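Please study the sequence and the structure before reading each solution.

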Amino acid sequence: MENIRENLMEIRQRIDEAARASGRRVSDITIVAATKTVDPERINYAISQGIGHVGENRVQELMEKIDYIDKSAEIHLIGHLQTNKVKYILGRVN
């Protein structure tokens, strides 16, 4: 899990530098952690380190782990969504 913390520190530093270089505010930038193939324990650790948004791109995988993900983070479906799978995620993701 240490690599998650280190990676987040590096990402935040790069965001800070990019924001300053472009004249933007860091607070206007949102990190969405893609969680494809990542287990809930690691997702929850990232949330404990300040990640407020997680994104999954497969409905079936999301449904398998959604009940184990810390609800303090917003959960997003990222990528394409097939019409027949909308019923599974309605009201469960942002």
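Two strands pair if DSSP finds at least two bridges between them; strands (E, at least two residues) and helices (H or I, at least four) are DSSP runs, numbered from the N terminus. This is a predicted model, in which local features need pLDDT of at least 70, side-chain atom pairs count only at pLDDT 80 or more, and totals for chains, interfaces and linings use all residues. Residues are numbered from 1 along each chain as its sequence is written, and side-chain values use heavy atoms, without hydrogens and water.

**Exercise 1.** Determine how S2 and S3 pair, and which residue stands opposite His 53.

*Solution.* Step one: S2 and strand S3 (residues 74-77) are parallel and share four bridges. Step two: the residue of S3 that faces His 53 is Glu 74. Step three: between S2 and S3 the chain passes through helix H3 (residues 59-65), in a right-handed β-α-β crossover. Right-handed means that, with the strands pointing away from the viewer, the path from the first strand over the helix to the second runs clockwise.

**Exercise 2.** Describe how S1 is joined to S2.

*Solution.* Step one: S1 and S2 run parallel and are joined by two bridges. Step two: Ala 33 has Val 54 of S2 opposite. Step three: the chain goes from S1 through H2 to S2, and this β-α-β crossover is right-handed.
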